[in-house]
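Dear colleague,

Please find below the structure that I am handing over to you.

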Amino acid sequence: MLFDLPDHEALYQALLNRDDRYDGQAYVCVATTGIFCRLTCPARKPKRENCQFFGSVGECIEAGFRACKRCHPLRPMAEADPAVASLLAALDQRPEHRWSEGDILRMGLDLSTVRRSFKRQFGMTFLEMARQRRLREGFTVLSEGGKVIEAQLDAQFDSPSAFRAAFARLLGRAPGSLTREGLLLADWIPTPLGDMIAVSSRTELHLLEFVERKALKGELDKLQKAVKGDLGIGPTPPGEQIRAELDAFFAGISARFETPLAYHGTPFMQQVWDALRQIPPGVTRSYSEIARQIGRPEATRAVARANGANQIALVVPCHRVIGADGSLTGYGGGLWRKQRLLDIERQYCAPVRHTARSCK
């Protein structure tokens, strides 16, 4: 698990020593190459500051890294499951292909079995893996000022229309409409729990959501209307700050988020979101406890609605709110992700009063 890994220095020393005790338990992702490896990889060792360590292959893939062709970190998964092996090989041979369920069936594979296998091994389906791999490349080109045709080719889409359609499904607008001059700028941030979209002005973070959330397009439309400005694409100071803070959070370094935020909601909603930010990492509270905290004990349902309307995931930690019976209840990013976030935050847990649920 991510939060059970040794510290960065110990893992980097294990990488230098090619320590096989960590084989299958830890992987190194190299920022300068976009590659992830086993710690026993024979390749030349990267600099310490360019390394990030994760506890699973799935986390490396979700963070945007590709498997090394020298140490083959995917090989154990492929050898353990022939269906996984054949699909990974097919994806490597045709990364530009728009993979579909029909392609999987034509390979003689069962859809439900493939879905379970990829979810178990990587935390995502095969189709999600293929789609994210292509879209991320195109988004990066656009955010760096590249032209749409350059982004399309870099993402290896066969046609401009296919690339536009993929972007429209994700953001609800064509890539050509996303310039670097918008009042709000969107940026793509890989994390171990899936890629995220951050939307910021030059001074504040307005939105942070996981890319596959179905409500994302509607949230972007609402946000654009609220600020009465165009949505563009590219880095901003708040975007760079939240990227660094997310890296520190998932690396086990810090759970502090100090990026300036812009709320878009009623005064009551904003009061709830402020209350959520007061919940310490590693602690959970119920909707009714939040209602009492803000002096509105009768407003439990309204607190739940405000919790669900939060558009700044992790930073405004709606994942720390659970049902009165201890159940996880709903989470826009998925209950599996909510549980994983709570697990990760156990490393940050400090002694708390008995009135809150701690991470025991």
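The chain contains 15 helices and ten strands; helices (H or I, at least four residues) and strands (E, at least two) are DSSP runs, numbered from the N terminus. This is a predicted model, in which local features need pLDDT of at least 70 and side-chain atom pairs count only at pLDDT 80 or more, while totals for chains, interfaces and linings use all residues. Residues are numbered from 1 along each chain as its sequence is written, and side-chain values use heavy atoms, with hydrogens and water left out.

Overall form

For 360 residues, a compact globule would have a radius of gyration near 21 Å, and the chain agrees with this because its own value is 21 Å. This radius is taken over C-alpha atoms, and the globule rule is 2.2 Å times the number of residues to the power 0.38. Along the principal axes, the C-alpha atoms fill a box of roughly 60 × 50 × 40 Å.

Of the 360 residues, 52% count as buried (buried means under 20% relative accessible area, exposed over 50%, and partly exposed in between, with a 1.4 Å probe and protein chains only). The chain exposes about 16,900 Å², of which carbon and sulfur atoms supply 51%; accessible areas come from the Shrake-Rupley method with a 1.4 Å probe, and for residues only the protein chains shown count as cover. Among contacts (heavy atoms within 4.5 Å) between residues at least 6 apart in sequence, 61% join residues at least 24 apart.

Aromatic pairs

The structure holds seven aromatic pairs. Rings of Phe, Tyr and Trp (its six-membered ring) pair if their centres lie within 6.5 Å; planes under 30 degrees apart count as stacked, over 60 as edge-to-face and the rest as tilted. One of the pairs is formed by F249 and F250, which are edge-to-face, with 5.0 Å from centre to centre and 80° between the planes. Both residues are buried: F249 has a relative accessibility of 1%, and F250 has a relative accessible area of 2%.

F249 also pairs with Y348: the ring centres are 5.8 Å apart and the planes stand at 20°, so this pair is stacked. Because F249 lies in helix 11 (residues 237–250) and Y348 in the segment after helix 15 (335–344), the pair ties together parts that are 99 residues apart in sequence. Y348 is buried too, at a relative accessible area of 17%. One aromatic cluster is formed by F249, F250, F257 and Y348.

Which residues other than glycine have a positive phi? R18 has a phi near 50°, and L314 has one of about 70°. R18 is placed in the loop between helix 1 (8–17) and strand 1 (27–30), where R18 counts as partly exposed at 42% relative accessibility. L314 is placed in the loop between helix 14 (300–308) and strand 10 (321–322), and L314 is buried, with a relative accessible area of 2%.

A buried serine

S200 belongs to strand 6 (residues 196–200) and counts as buried at 1% relative accessibility. Leaving aside neighbours within four places in sequence, S200 is in contact with L183, L184, L185, L205, H206, T236, P238 and G239.

Yours sincerely
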